[in-house]
Amino acid sequence: MTVTVAAVGRLRAGPIRDLCDDYAKRLPWPVTWREVEEKRRLPADALKAREGDLLLAALPQGPPLIALDERGKTLSSIRFSEKLTAWRETGGGAVAFAIGGADGLHAGVLDRAAFTLSLGAMTWPHMLVRALLMEQLWRAHSIATGHPYHRD
């Protein structure tokens, strides 16, 4: 399996990057990060639209796209593991995730998504969402393989 994560903003060196790297090293499949950034100062709606265009251009065309959005569906870790397995099978061994900027994802990205996932009712900083996603990918793998990391 391959995983692509397209995200708005550049994740700098520090604890969040270290956490993402740690979980990525644990995974048996490669994770490709595609970070996009609009440098121009634009009104909020125009910025969100531009970020959406940049994300869509950065994403591979074949695999199912999972959009991370607060209005998405929440899943238990076990259910996420099951869905990840299904997405891998329908995506030819690949899956892609999109993480928006501070104002979320543009409708164009949400429209392209095969599934919209929420990490819960709380609001998370978009940079921290990367680490949360990576942890859940590792947890999903551990569930699927019977690794003791996940406990019911």
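Residues are numbered from 1 along each chain as its sequence is written, and side-chain values use heavy atoms, with hydrogens and water left out. Because the model is predicted, local features need pLDDT of at least 70 and side-chain atom pairs count only at pLDDT 80 or more, while totals for chains, interfaces and linings use all residues.

## Overall build

Let us start with the whole chain. It has five helices and five strands, where helices (H or I, at least four residues) and strands (E, at least two) are DSSP runs numbered from the N terminus. Read from that end, the elements run β-α-β-α-β-α-β-α-β-α.

How does the radius of gyration agree with that of a compact globule? With 152 residues, such a globule would have a value near 15 Å, and the chain has 15 Å, which agrees. The radius is taken over C-alpha atoms, and the globule rule is 2.2 Å times the number of residues to the power 0.38. Along its principal axes, the C-alpha trace spans about 50 × 35 × 30 Å.

Contact here means heavy atoms within 4.5 Å. Among contacts between residues at least 6 apart in sequence, 84% join residues at least 24 apart. Buried residues make up 42% of the 152 residues; buried means under 20% relative accessible area, exposed over 50%, and partly exposed in between, with a 1.4 Å probe and protein chains only.

In soluble globular proteins, nonpolar side chains tend to be buried together. A nonpolar core is a set of buried Ala, Val, Leu, Ile, Met, Phe, Trp, Tyr and Cys residues joined through side-chain atoms within 4.5 Å. The largest one in this chain holds 27 residues, of which Val-3, Phe-80, Leu-84, Phe-97, Leu-133 and Leu-137 touch the most other members. The elements that give two or more residues to this core are β1 (2–8), α1 (15–26), β3 (65–73), α3 (77–90), β4 (94–99), β5 (115–117) and α5 (126–145). Helix α5 gives the most to this core, with eight residues. A second, separate core has 14 residues, including Leu-55, Ala-67, Leu-105 and Val-109.

## Four residues up close

The table lists relative accessible areas.

| Residue | Relative accessible area | State |
|---|---|---|
| Ser-81 | 4% | buried |
| Met-134 | 0% | buried |
| Ala-46 | 35% | partly exposed |
| Phe-80 | 3% | buried |

Phe-80 sits in helix α3. Leaving out residues up to four places away in sequence, Phe-80 touches Leu-75, Trp-87, Phe-97, Leu-117, Leu-133, Gln-136, Leu-137 and Ala-140. Phe-80 and Pro-63 are 17 residues apart in sequence and 17 Å apart in space, C-alpha to C-alpha.

Ser-81 is also found in helix α3. With residues up to four places away in sequence not counted, Ser-81 touches Ala-140, Ile-143 and Ala-144.

Ala-46 lies in helix α2 (residues 44–58). Its C-alpha atom and that of Asp-111, 65 residues apart along the chain, are separated by 18 Å.
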